[in-house]
Amino acid sequence: MITLNDFTTRWAELGDAVLATVDHVGASGYYILGQEVQQFEQALAHFSGTTFAIGVGSGLDAIEIALRAVGVGPGCSVLTTPLSAFATTLAILRCGAEPIFCDVDHSGCIDLERCSEALRRDPSITTLLPVHLYGHAVNLNRLERLSQEYGVTVVEDCAQAIGARSCGRPVGTVGRVAATSFYPTKNLGALGDGGAVLTSSEGLAKLARSLRNYGESMKYEHDLIGCNSRLDELHAAILSAVFLPRLPSWTERRREIAHRYLAEIANASISLPAVPEGSESVWHLFPILVRSGSRKDFQAHMQSCGIQTGVHYPRLIPGQKAIADDRRVRIHGRLRVASRFASDEVSLPIHPYLEESEINRVVKACNQWRPR
Ligand SMILES: *Cc1c(COP(=O)(O)O)cnc(C)c1O
């Protein structure tokens, strides 16, 4: 079976290095907010092109803390995408703010034209929360122009796109603050939960550090209503010693596989979505769109060829039950393109441990498929 991710092969290669790191941290006797977290934060900030990184407990927490750090709270409206992990919107709601959704473009990322329209029409929108979906970088030059033109604060969700660039600029550097996740399936995935806030503002970094740790300013001094969302020493050490150093070569491999799929998948019933202009994607996922109404058939075909596929995402966020009756939720215009992704998107395997023969099998299975 060709799976969407291959953690066991990674463990066979890197397990010993991880265990040596665990031994090192265990023997140090220091487990929370010590040197390992500090060192990892510096390495991650350097890698991301920001000045500061703040390790937290998850990607969800990273987005919530980032939003709170820039002052998002009750009464604020945040413009975001309906096509993402639910966490993106959940973070807005957990701040007490109101999400406004607008459509995506043909890459699946938020449509900056629609954003511009929404911002023009609704001056109450304070914040823009785009997601660099599928490992693509939303066009950062245009994003920066939008933020300047309308005076909105940009907070970037980089959970799927750490290392991606747009027009040469790394994701996470145009927003005043950004968030990422180390959930195991992400490009920089840990062996459990973790996340980070990224920023080049010293003030925001300080706020985020306080918010992740009970709102403490100094030991036993609590200036803010914070939470407990600390990245632990163990994960920080594993990420900085074993996984982060390998991220560039993993990304290189993902790009090679994406190029093969883009060049070789040829089937009139499959379309390959666009990539945002200027994006140097890191291909967290490889999305395709199958002929309308035939997703189940395609997935069953791939399954019969021994290939696992995924769907990102089968239901748009505003259609989720948890927010169905929530008066805070608004939609700008129609979500026509997002709905097409929700009904017809399929994700193909694209992890760094895929072998050439497996890539060939995925291409062949796609090209052989004829919808019923
Ligand atoms: C995974 C993900 C999150 C949430 O990260 P967790 O670490 O699972 O909380 C948020 N946004 C996007 C786009 C994601 O892919």
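Guide: In this predicted model, G59 is in contact with T180, S181, G194 and G195, leaving aside its neighbours within four places in sequence. One of these residues, S181, is 122 residues from G59 in sequence, yet the two lie 4.0 Å apart in space, C-alpha to C-alpha. G59 itself belongs to helix α3, which covers residues 59-69. Its relative accessibility is 13%, so G59 counts as buried, the cut-off being under 20%.

The aromatic rings come next. A pair of such rings is described by the distance of the centres and the angle of the planes. The model holds 6 aromatic pairs. Among them is the pair of F40 and F182, whose centres are 5.5 Å apart and whose planes make an angle of 70 degrees, an edge-to-face arrangement. F40 is part of helix α2 (residues 35-48), whereas F182 sits in the loop between β8 (177-181) and β9 (195-199); the pair therefore ties together parts that are 142 residues apart in sequence. F40 and F182 are both buried.

A further pair joins F243 and W250: here the centres are 6.0 Å apart and the planes 45 degrees, which makes the pair tilted. F243 and W250 are likewise both buried. Finally, Y261, W283 and F286 form one aromatic cluster.

Methods:
Residues are numbered from 1 along each chain as its sequence is written. This is a predicted model: local features need pLDDT of at least 70, side-chain atom pairs count only at pLDDT 80 or more; totals for chains, interfaces and linings use all residues. Side-chain values use heavy atoms; hydrogens and water are left out. Rings of Phe, Tyr and Trp (its six-membered ring) pair if their centres lie within 6.5 Å; planes under 30 degrees apart count as stacked, over 60 as edge-to-face and the rest as tilted. Helices (H or I, at least four residues) and strands (E, at least two) are DSSP runs, numbered from the N terminus. Buried means under 20% relative accessible area, exposed over 50%, partly exposed in between (1.4 Å probe, protein chains only). Contact means heavy atoms within 4.5 Å.
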